[in-house]
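Dear colleague,

I am handing over the structure below for your files. My notes on it follow.

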Amino acid sequence: MTVIVYSSKSGSSRKYAESLGARVGLSVYAVGEQPSDERIVFFGWLRKDEVVGVRDVDRSKIIAVGVVGLDTQGRFNSRAVSDRNDLKVPLYYLRGWIDKSKLNPLDKGVLLAVAVMMKLQGLNEFNTPIFNAMRQGGSFYDEKYLDPIETFIKSME
Ligand SMILES: Cc1cc2nc3c(=O)[nH]c(=O)nc-3n(C[C@H](O)[C@H](O)[C@H](O)COP(=O)(O)O)c2cc1C
């Protein structure tokens with residue numbers, strides 16, 4: 001059997017995991033609470049190139065990873081994220097949300113650094129909404145991002 005496991009700070013990765021679970025009829029667990037023998041579709045949020053939480057699960061069990069971030073799909077660097085997290089399975093990128101009230105001071109600092117870097121590289125019509133969400137909070141959540149993962153899971157059955 002396959003289960004869905006998530007790591008989520010402000011709730012968007014959790015919501016994607018739960019929606020996918022409902023769509024395909026698989027059980028959903030917070031990271032650390034999953035049964036040990038099942039194959040895993042993992043959802044984790046992106047912090048720089050790190051998929052938070054993925055290191056806490058048995059890699060050999062992971063069959064696909066949903067990477068949740070704020071950036072556009074086109075800017076998602078799948079190769080860098082695979083390398084950084086030592087993942088050799090398909091990655092699917094989904095856009096989430098940011099809720100600053102859920103972040104600790106360290107996360108807020110990292111987020112500020114990312115935003116400053118974006119500003120230095122130049123803001124334009126594409127990255128300004130992302131920059132604004134990083135500064136004030138905002139959502140790009142859309143369940144259409146689950147479609148390819150749903151197809152993948154159904155192809156495994
Ligand atoms: C400290 C920090 C660093 C982040 N770095 C990135 C990043 O490099 N690229 C990106 O697309 N999103 C980045 N994000 C945005 C989160 O990945 C995004 O808000 C995600 O939806 C959060 O998932 P959650 O709601 O499950 O916690 C960062 C957020 C935080 C708090």
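How many aromatic pairs does a search of the whole structure find? The search gives four. This is a predicted model. In one of the pairs, the ring centres of Y92 and F152 are 5.9 Å apart and the ring planes are at 50°, so the pair counts as tilted; a stacked pair would need planes under 30 degrees apart, and an edge-to-face pair over 60.

Now the ligand. The space it takes is the largest pocket. The ligand is surrounded by 22 residues, of which S8, K9, S10, S12 and S13 are the closest. By class, this shell consists of 10 nonpolar, seven polar and five charged residues. At least two shell residues come from each of helix 1 (12-24), strand 3 (39-47), strand 5 (62-69), strand 7 (97-98) and helix 3 (105-121).

For L70, a backbone N or O atom is 3.0 Å from a ligand oxygen. For W97, a polar backbone atom is 2.7 Å from a ligand oxygen. The ligand taken alone exposes 640 Å², and the protein buries 96% of that area.

Regards

Technical notes: Residues numbered from 1 in each chain as written. Predicted model: local features only at pLDDT ≥ 70, side-chain atom pairs only at ≥ 80, totals over all residues. Heavy atoms only, no water. Near = heavy atom within 4 Å. Polar contact = N/O pair within 3.5 Å; in protein donor to acceptor, adjacent residues only side chain to side chain. Areas by Shrake-Rupley, 256 points an atom, 1.4 Å probe, with all protein chains shown as cover. 1 Å grid on protein atoms, 1.4 Å probe; cavity = no way out; pocket = protein on both sides within 12 Å on 5 of 7 lines; lining within 4 Å. Sits in = over half its atoms within 2 Å of the grid points. Helix = DSSP H or I, 4+ residues; strand = E, 2+ residues; numbered from the N terminus. Nonpolar A, V, L, I, M, F, W, Y, C, P; charged D, E, K, R; others polar. Phe/Tyr/Trp six-rings, centres within 6.5 Å; stacked < 30°, edge-to-face > 60°.
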